[in-house]
Each structure stands twice: as C-alpha cells, then as structure tokens.
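These are my notebook entries on a structure that I looked through entry by entry. The sequence and model come first, and the entries follow.

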Amino acid sequence: MCRIKGTVDILANPIEYLKGVGPQRADLLKKELNIFTFKDLLELVPYRHIDKTRVNQVRDIVPQTDFIQIKGVITSFGIIGEKRAKRLVAEIKDATGTLELVWFQGITYIQKMLALGQVYLVYGKVSFFQGQPQITHPEMEVWSREKMEGKSTLEPVYPSTEKLKSRGMGGRQIGHFTETLIKLLQEKNIPEILPESILQLLQLMPRFKAFTSMHFPPDPETWQKAIDRLKFEEFFIAQLRMGLLRQQRHRYSKGVVFSQVGDIFNRFYENHLPFELTGAQKRVIKEIRRDTGSGKQMNRLLQGDVGSGKTIVALLILLLAIDNGYQGCLMAPTEILTNQHFNNISGLLKELPVNVRMLTGSTKTRERKEILQQLEDGTIHFVVGTHALLEDTVKFKNLGLAIVDEQHRFGVAQRARLWQKAAIPPHVLVMTATPIPRTLAMTAYGDLDTSIIDELPPNRKPILTVHRYETVRSQVMDFIKAEIVKGRQAYIIFPLIEESEKLDYENLMKGYENVQAYFPEPRYWISMVHGRQTPEVRTTNMQRFKTNDTQIMVGTTVIEVGVDVPNASVMVIENAEKFGLSQLHQLRGRVGRGAEKSFCILLSGSKLNNDARERLKIMCATNDGFKIAEKDLELRGPGDIEGTRQSGALNFKLASIVQDKKWLEIAREMAERLLDDDPDLASAANLQLKNYLQSLTGKTAWSKIS
Ligand code: ADP
Ligand code: MG
C-alpha cells in the first residue's frame with residue numbers, strides 16, 4: 001500500500017489483495033487485461049450491461065437470442081451419458097414452454113441442490129443443441145419476490161479473454177470483483193477533482209458516483225450521465241495539460257525577435273511576388289509576424305489543403321528572418337521536393353541579395369564542405385535541405401527560423417534536433433501536407449499554435465474526380481491521349497505497399513510497359529520515378545516531366561508530396577482501392593494547379609470492400625481536404641492517421657475523438673477558460689485539480705505506464 005498525505009490509498013493496492021482474487025487470478029488479470037491494482041480494476045470499463053430484473057419467456061427464444069433469464073419450475077433432472085459425455089440435464093418449464101439446462105462440471109454438487117417443483121430464476125447464454133435451445137452452466141437461484149426487489153437492475157459485463165474465461169473470469173464474473181471493490185470504496189477514495197463551477201455549469205455527476213455508476217448503474221440514464229462525466233474528465237484533463245504546455249511556452253520560452261519588416265521583404269513583396277496573396281495567406285503571415293515579434297519562441301503548425309499556397313508563406317517568413325539578421329532553413333522530406341523548393345525559391349529571389357543554398361544527401365563532398373563552412377560563418381542566409389540538415393556537422397551562425405515542410409514524414413524527435421542548432425531555439429513553423437481534422441489537431445497537436453489557410457488561390461478550376469473499373473483502362477488511355485494533344489501532361493500512379501514491395505514493383509514495371517504500348521516513342525515520352533532509383537535518376541526524370549520533355553509520369557507515391565507541375569491536368573491512380581483517403585487526396589492535389597480543367601481518375605478492380613467503396617465515393621464527392629480528413633478519421637480511427645504522434649495524447653480510455661466530438665469541444669473551451677482565469681491553478685477552487693495534474697506528471701491520463 002502506498003500512503004498519500006496521511007491517508008491509505010486503497011486504490012493503490014495490488015489486485016491480488018482483493019477478496020476472491022488471490023495470486024493466481026491476479027497473474028492472469030495482469031497478463032490479460034493489464035490490471036495490476038485496485039485502481040486499474042476500477043477503471044476497467046464494462047462494455048455493456050444486462051438487465052437482470054427482466055424475465056424472459058421460453059417462447060421468445062429465437063436463434064439470435066443471447067443471454068436470457070427465465071423463471072420456471074424444474075420438472076425433471078438426471079445424469080445421462082458416460083465418461084466425458086457425462087452430464088447433468090434438467091428441464092425447466094414456464095407458462096410458455098420448456099428449456100433444457102446442462103452441466104458438465106460440478107454435477108454431484110448441483111444435483112443435490114436441485115428440487116423438483118421448485119421455482120427458480122435461471123440466467124445464462126442460450127445455445128442450440130440439435131435444434132433445441134439450452135443453457136449450459138446457468139446461474140440458478142431459488143426465486144422469491146423479496147430477492148427480485150433487492151436486485152440491482154443492471155449488471156456489468158466486462159471485456160475478457162478466452163484465457164480468463166477458462167479460469168472462471170468471463171465478462172460477467174469479473175463483475176464479482178468490481179462489486180467487491182465498489183463495496184470497499186467510499187467517497188474519500190475517489191475524491192472530486194473538477195472545480196465546483198464546472199460541475200455546476202455542465203451538471204456533471206460527482207466523480208465517486210460516476211465511477212460507481214459506470215459499473216453498477218441503477219438505470220440506463222444514470223449510466224449515461226456517469227459515462228458523460230468520465231468522458232468529459234478525460235478530455236478536460238488532456239486539454240488542460242496541453243493548454244499548460246502551450247501557456248508555459250508562451251510565458252517562459254525565449255525566442256529571437258524579428259522586430260522589423262525590412263528592405264528585402266519589402267522589395268520582394270513589391271517587385272517579385274508572382275501573384276496577389278489570398279486573404280488567408282495574408283492572415284497567416286500576420287499571425288506568424290505577431291509570434292516572431294513577441295520575444296517568445298514560435299512553435300506553430302501551418303495547415304492548408306494541397307495547393308493552398310504554403311510555400312510562398314514560408315518564403316516570406318524566411319525573408320523576414322533574413323531582414324532581421326538571422327539565418328533560416330527549410331527542410332523537406334524528399335530530394336525531389338527539396339530540389340523543387342530550391343529551384344522555385346532561388347528563381348524568385350534571383351534579383352535580391354539573398355544567398356540561398358541546397359544541402360541533401362547527394363550534395364558532393366567539396367560543395368558540402370563549402371556549405372557547412374558558410375553556414376557557420378553566416379555567408380549563407382538560407383538553406384533548403386532534406387534531413388541531411390539535422391546532422392551534427394551542420395552548424396549555423398545564428399539560425400532564427402526553421403521551417404519543416406510536409407511534416408508527417410518527420411518525427412517529433414527529429415524536429416527537436418533543429419532546436420538545438422542555436423543558443424536561443426529558432427522559431428519553428430511546421431507545414432502539414434494534409435489537413436488534420438480539428439478534433440485530432442486539438443488532441444494530438446494541442447500544445448502547438450495553429451494557423452489555417454482555408455482558401456485556395458483564385459481561378460482554380462475544381463478537379464473532376466471519377467471512379468472507373470480497370471476493364472475500361474483503354475478508354476482512360478484514350479482520354480489521356482486527348483489531353484496530351486491539347487498540350488497537357490498526365491500522372492499515372494501505382495501503389496507501393498511495403499509488405500508486398502516486390503510484387504508492387506513488378507506491377508509498376510508491367511504498368512509502365514503497358515503505358516508505353518499506348519504511348520510509343522518518339523511521339524510520346526514517359527518519365528518513371530520510384531523509390532529504387534538513385535536520387536539523381538529520380539531527380540532527372542522528375543525534371544524532364546517538369547520541363548514538359550516527357551508528357552507522362554509513371555510512378556509510385558514517391559511523387560506524392562508537394563510536387564508542383566502546373567501543366568499536368570490528369571492524375572490516374574491505379575489500384576486506387578489500395579490507397580488511404582489522405583494519400584488519394586494528396587495525389588489528386590498534384591493536378592489542378594494551373595488554370596486548366598483537371599481530372600483525377602481512380603482505377604480499381606471490380607471487387608471492393610465497403611471501406612474502399614466508401615473512400616472512392618468520398619473522393620468523387622468532394623475536393624475539400626478538411627472534409628476528407630474528417631472522413632478518414634471516421635473510417636480509420638485516430639490511431640492510424642498519418643502524422644499523429646504516437647504519444648499518450650490519443651490514449652483515451654472511454655472517450656473517442658470521433659464519437660464524442662461534442663464533449664471534446666466543451667472540454668477544450670472549459671480548459672481554456674480555466675487557464676485564462678487562473679493560469680497557475682493557484683486558486684483554492686482549483687487546488688484538487690492541480691494536485692491531480694501533478695500526480696499525473698509523466699504519465700498519460702488514466703493509463704498504466706506501459
Ligand atoms: P502547397 O500548399 O500544397 O504547398 P504550393 O505552395 O505548392 O501549395 O502552391 C500551389 C500553387 O499555387 C503553386 O503553383 C503556387 O505558385 C500557386 N499559388 C500560391 N499562392 C497563390 C496565390 N495567392 N495566387 C495564385 N497562385 C498561387
Ligand atoms: Mg507544399
């Protein structure tokens with residue numbers, strides 16, 4: 001037992017100390033359900049409740065019947081069969097029919113208990129044997145009116161495992177343990193942690209009652225209120241912790257100050273900006289300006305749908321850094337993207353006194369040496385690179401800004417390494433490749449500040465997306481041909497799934513030959529890009545497509561992220577059913593970047609499972625990345641969404657960021673309000689809450705350190 005502030009914390013007891021458990025069962029509970037302590041058992045959520053006061057009739061039994069309770073008279077019983085088939089069989093009769101009860105174990109004992117003509121209440125799971133309904137090993141008790149009145153209505157059923165079931169710890173039997181536990185507990189063992197004002201405002205159930213009612217609710221309404229309270233608590237605590245982190249950074253972190261908009265920024269803005277910025281781009285730049293001028297370190301997530309124009313925002317902020325005497329870096333996940341950014345940016349800056357260089361894994365030794373030297377002495381203002389930038393040999397004179405593009409390929413730890421490259425950590429701007437649903441952003445990235453570009457540049461024609469079966473591939477090829485005749489270009493993308501890499505490559509090569517047959521040289525030229533090529537080959541092939549030397553790009557998803565060829569108007573995705581939604585959306589975002597009407601054709605086999613069908617349907621229905629991200633979250637659940645952190649941030653026991661959005665929003669609001677009013681949780685009203693948060697430090701809410 002462990003002592004907290006003079007009281008014995010009963011919930012800290014090891015589970016073997018609970019009456020009826022003991023060391024052997026405890027071992028199993030630990031192994032199978034991660035239940036180590038009383039507290040773990042208390043937090044085990046029943047997956048449903050059964051109504052034990054409801055008495056069914058034999059007549060109502062149908063093949064779908066699950067657990068039932070019958071009240072009836074025993075009309076006969078006896079042992080039949082031999083050796084291993086030996087069993088006790090009894091018949092129980094109610095006003096509507098007869099049901100068989102069967103025991104294979106404990107026969108002698110049970111036989112002694114049974115009495116002909118006695119009224120019993122029988123409970124168990126119905127099974128069918130030779131067409132006849134029966135209950136094996138039912139629970140029996142002699143019926144009496146008083147007993148019925150004393151019964152708690154709803155009995156919990158817990159998640160269990162085969163192993164536990166075989167040791168008498170099935171979903172219902174675990175209920176005996178929780179019952180024992182709940183009887184031991186008093187209000188002081190589960191004290192309230194939420195401030196009274198919030199309990200009042202939201203009409204939440206007190207904590208003690210919520211936990212007891214989660215297990216043994218008197219009625220379904222009370223259960224619902226208990227669950228709501230606990231879900232709210234989970235979200236609220238998580239939001240509060242995120243909020244505290246964010247706030248601490250705002251208050252205590254030190255950041256370099258970009259105090260002025262200088263000459264280079266202004267010259268670029270007035271003379272070299274290739275287009276008018278959208279309202280959203282302007283707003284986001286203002287938000288970032290405010291951050292970087294505040295003296296605190298910026299840690300901001302920039303979200304924008306594909307094609308929303310994040311690059312120009314990045315560039316303008318970089319110029320801001322340079323004007324203020326700082327160096328900047330832009331990190332991209334692939335060489336292709338790095339090249340593209342470098343060419344794009346150095347083209348835009350060519351008449352300005354900005355020294356831009358590129359550093360990747362394939363930078364030649366001599367050049368690399370020079371770049372490293374000049375980054376250190378400050379000659380280079382701005383470097384674009386892959387994660388080669390993270391290496392220890394890369395040192396800056398005064399790095400003031402680090403921008404990470406298409407963030408989902410970078411880990412959090414990698415990002416942290418960027419910070420260490422300057423005495424005062426640089427401002428960090430992370431640009432996401434795919435919109436993140438609001439609920440996910442709130443939970444997984446709640447400690448970052450967020451900016452959203454929610455507007456596409458003008459004159460974009462929406463991309464027309466269609467789904468076609470592979471059987472009509474030749475028509476699709478004809479369509480591509482017609483587009484090429486108009487001067488446009490096309491992508492044809494093949495899936496590359498790690499588990500079947502070899503097969504996928506064969507598939508890609510076959511596809512390539514197939515495309516070649518439709519588009520023979522020298523009338524047409526085809527580029528191919530995939531992960532097995534050297535970076536040089538890949539870059540050359542990509543470059544040829546960009547300059548329109550090739551009209552068709554055949555490739556895997558290595559082209560997925562960020563590649564920008566405005567003249568391309570067709571995106572064909574082979575085996576589209578194998579791709580996830582966000583990936584499909586990313587791929588589609590490669591077209592529709594110029595002023596021409598663009599098309600996305602999703603090719604699939606004819607056998608589609610429901611999820612795949614749903615994905616293709618959504619793709620055809622909308623171009624809105626945020627809508628797609630929401631749907632993706634719904635279909636796959638938060639654990640699988642790319643770019644989410646594998647941290648405790650999403651480990652909710654009860655609440656779901658998909659189904660319980662409403663509670664998440666409320667929790668967010670409440671947490672923000674509370675931190676605005678009492679940033680240090682110093683008031684007496686928030687004392688319990690503060691203590692509780694401190695007790696969680698280093699752990700994820702509610703969960704075992706696993
Ligand atoms: P993403 O947000 O996907 O990185 P990009 O920055 O690559 O998008 O921009 C997509 C395309 O839109 C580029 O060709 C870019 O030059 C163009 N673009 C960006 N902003 C604007 C704007 N305000 N007006 C017109 N075109 C723009
Ligand atoms: Mg981009």
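**Entry 1: ligand 1.** I began with polar contacts, that is, pairs of N or O atoms within 3.5 Å; within protein, one must be able to donate a hydrogen and the other to accept it, and residues adjacent in sequence count only if both atoms are side-chain atoms. In this predicted model, an N or O atom in the side chain of Lys 310 is 2.9 Å from an oxygen atom of ligand 1. I found a polar side-chain atom of Thr 311 at 2.6 Å from an oxygen atom of the ligand, and a polar backbone atom of Gly 307 at 2.7 Å from an oxygen atom of ligand 1. The protein buries 84% of the 570 Å² that ligand 1 exposes when taken alone (accessible areas by the Shrake-Rupley method with a 1.4 Å probe; for residues, only the protein chains shown count as cover).

I then listed the 16 residues that surround ligand 1, the closest being Glu 276, Gln 281, Gly 307, Thr 311 and Arg 460 (a heavy atom within 4 Å). This shell divides into four nonpolar, six polar and six charged residues.

**Entry 2: conventions.** I noted that residues are numbered from 1 along each chain as its sequence is written, and that chains are lettered from A and ligands numbered from 1 in the order in which they are written. The model being predicted, local features need pLDDT of at least 70 and side-chain atom pairs count only at pLDDT 80 or more, while totals for chains, interfaces and linings use all residues; side-chain values use heavy atoms, with hydrogens and water left out.

**Entry 3: domains.** The chain is divided into domain 1 (10-49 + 159-189), domain 2 (54-150), domain 3 (298-453) and domain 4 (464-622), with bounds from an automatic or database domain assignment. The centres of domain 1 and domain 4, taken over C-alpha atoms, are separated by 54 Å.

**Entry 4: second largest cavity.** I looked up its lining, which consists of Ile 336, Asn 339, Gln 340, Asn 343, Thr 539, Met 542, Gln 543 and Lys 546 (on a 1 Å grid over the protein atoms alone, a cavity is a set of points where a 1.4 Å probe fits but cannot get out; lining residues have an atom within 4 Å of a point). Domain 3 (298-453) and domain 4 (464-622) both give residues to this lining, so the second largest cavity lies between them.

**Entry 5: backbone.** I noted a cis peptide bond between Glu 521 and Pro 522, with omega about 0°. For His 137, phi is near 45°, a positive value in a residue other than glycine.

Notes: On a 1 Å grid over the protein atoms alone, a cavity is a set of points where a 1.4 Å probe fits but cannot get out, and a pocket is an open set with protein on both sides within 12 Å along at least five of seven lines; lining residues have an atom within 4 Å of a point. Ala, Val, Leu, Ile, Met, Phe, Trp, Tyr, Cys and Pro count as nonpolar, Asp, Glu, Lys and Arg as charged, and the others, Gly among them, as polar.
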